[in-house]
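Please walk through the model below with the two chains in view.

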Number of protein chains: 2
Amino acid sequence: MSDKILVFGHQKPDTDAIGSSYGFSYLSNHRPVGALNTEVVALGEPNEETQFVLDYFGVKMPRIVTSAKEEGVDTVILTDHNEFQQSISDIEDVTIFGVVDHHRVANFNTAAPLFMTVEPVGSASSIVYRKFLEAGVEIPKEIAGLLLSGLISDTLLLKSPTTHPTDFKVAEDLAKIAGVNLEEYGMAMLKAGTNLDSKSADELIDIDAKTFELNGSKVRIAQVNTVDINDVLGRLTDVKEAIKSYMTAGGFDDFVFMITDIVNSNSEIVEIGSHADKVEAAFHFSLEDDHAFLAGAVSRKKQVVPQLTEEFSK
Amino acid sequence: MSDKILVFGHQKPDTDAIGSSYGFSYLSNHRPVGALNTEVVALGEPNEETQFVLDYFGVKMPRIVTSAKEEGVDTVILTDHNEFQQSISDIEDVTIFGVVDHHRVANFNTAAPLFMTVEPVGSASSIVYRKFLEAGVEIPKEIAGLLLSGLISDTLLLKSPTTHPTDFKVAEDLAKIAGVNLEEYGMAMLKAGTNLDSKSADELIDIDAKTFELNGSKVRIAQVNTVDINDVLGRLTDVKEAIKSYMTAGGFDDFVFMITDIVNSNSEIVEIGSHADKVEAAFHFSLEDDHAFLAGAVSRKKQVVPQLTEEFSK
């Protein structure tokens, strides 16, 4: 085994997973005291948004690995995740040297003390930025760009309620170092991730979908980002067919499909299933042709799941 | 429920548990940005060493609580521990706002993102000290004294192999602020925790004892700190009787009793049981009258348990 440490974000990496791991690996190797020998790697292919970011800042996608041991490495650092099921396949067989994350802590444990920083902020990249400042290490322009992109991606350009009050200054600082206009660059980046035309209806409803058990009902809640809700609504007949097939195959009671307008920070909610009344009550709207507009909603985690959880429990 | 947050160290608090929680509560209430309304409490009575520290710096022992909900509080901050079985009785029913710790992470999970800082350093108090610096909050003299005492206690005055390279500077800085001579104060404090004369032999072998399963053998490993190993060896006949009764009652195969000289950083090892040969092999010494000298050993965690684990597995 070499003394090399692998640094990576979660499986199915998004821009914050790639940005935070890339930045933290660089910082770890360049600390004036206690520098490490790390390599950033990824646990999957970049999505279209992340590819845009890498191309924009001229950064090569980290190589993709599936096992630390196969790389001859027995020590790892995790960014943007901690739960073992989201991590590298042999996470339970290696030493976890450090964690930088902004999620809840669950299904995680170590045999020995480690470096672990978790903060309830908008992105793991925000924490990595602060660690650069604490260590007094200068941030290269392209790394500032990657960290900024991670924050923009996770907070939909600081519009999501998951944005922390400190994130606005972080974004401003990073945009300056990266040499980009925050609003212009951010919108271009988010739009790059919304190229839905090439996706089939089956793919659309599975880009970012999670299953929830709500008071005994099995509910699928999916989300897509777009710059024009009508582009997706225009395909509603196909989408509804895809949803119905998916529900039958998976035994779902309801399927909630959230079409989020990243320009204006609103969503259209499509509901198929046996609890349309509960969905209407949760969001105080009336469904027409199985869908309705939900002003100001961009976060599934904060603006949809809790409201449905409460209504289904009544 | 009030908006108050309780801050506390682990059950059976030691000096680092009290020092780190006291210091972190003060810091949390005095942050220039994001100040909280916290109260430091404790999960048990102070030991003699901790009582010496509190008296020395004129600090009142935090009040002792057993449940957060009974205090009308539903949010807590943990220092010097994270494992739920070492925490407050209703830890699974409250919100964990933050953690500051230097142990492995295990039996710990949260429902939401939190503030969590874990570092593999000599004491939780070392981390709290760094957080004062990061926040730019001035450290009152008595809090510097408590944090310094936590570090001295956990590292036996920076002699234990658990001491981190950064801890020496931390101790130097804190001693300056606290207005004490590190060596003189540290030795006086450690001695205050070694008043063994008042303890019965049964109490001696249970002051700090843990059970280990070593390759199918049930082994108890206990440790006492003293300024003169001969004071304890003078009571060896009584101690051996107490150990044998304890082993019979608990069905132990071996009892390893570590008498640690905190002045010279050595230990005498007493071994009673069926694997004396393995204990001798592990430490490369010969037991005489069931005991032998182990030069330089002060840490059960790093200098005794791993060596026995390896030898028993042969």
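In this predicted model, helix H1 (residues 15–30) of chain B lies across strands E1 (5–8), E2, E3 and E4 of chain B. Its direction runs at about 160° to E2(B). Helix H3 (residues 124–135) of chain B also packs on the sheet. Helix H3 of chain B touches E4 and E5 of chain B. The angle between the directions of this helix and E4(B) is about 105°.

Now turn to the sheet itself. It is open and has ten strands, with mixed pairing. Which strands form the edges? They are strand E2 (38–40) of chain A and strand E2 (38–40) of chain B, each of which pairs on one side only. From one strand to the next, the twist averages 20°.

Strands of a sheet pair through backbone hydrogen bonds, in a parallel or an antiparallel sense. Where the chains join within this sheet, strand E5 (residues 115–118) of chain A pairs with strand E5 (residues 115–118) of chain B. The sense is antiparallel, and the pairing spans three bridges. Met116(A) stands opposite Val118(B) in E5(B).

How are the two chains related? A rotation of 180°, with 0.0 Å of shift along its axis, superposes chain A on chain B. The RMSD is 0.0 Å. The two copies are therefore related as by a two-fold rotation axis. Which C-alpha of chain A is nearest the axis? That of Thr117(A), 2.4 Å from it. Both copies use the same surface: 100% of the contact residues of chain A recur in chain B.

Two loop residues deserve a look at their backbone. Most residues other than glycine have a negative phi. Leu158(A) is not a glycine, yet has a positive phi of about 65°. Leu158(A) sits in the loop between helix H4 (141–155) and helix H5 (167–178) of chain A. Is Leu158(A) buried or exposed? Its relative accessibility is 14%, so Leu158(A) counts as buried, the cut-off being under 20%.

Asp80(B) also has a positive phi, near 60°, and is a residue other than glycine. The loop that holds Asp80(B) lies between strand E3 (75–79) and strand E4 (95–101) of chain B. Asp80(B) is buried, with a relative accessible area of 1%.

How values were computed:
Residues numbered from 1 in each chain as written. Chains lettered and ligands numbered in written order. Predicted model: local features only at pLDDT ≥ 70, side-chain atom pairs only at ≥ 80, totals over all residues. Heavy atoms only, no water. Helix = DSSP H or I, 4+ residues; strand = E, 2+ residues; numbered from the N terminus. Buried < 20%, exposed > 50% of the residue type's maximum accessible area, 1.4 Å probe, protein only. Pairing = 2+ DSSP bridges. Axes fitted to C-alpha atoms, helices over the stretch in contact; angles between N-to-C directions. Contact = heavy atoms within 4.5 Å. Least-squares fit on C-alpha atoms with pLDDT ≥ 70 in both.
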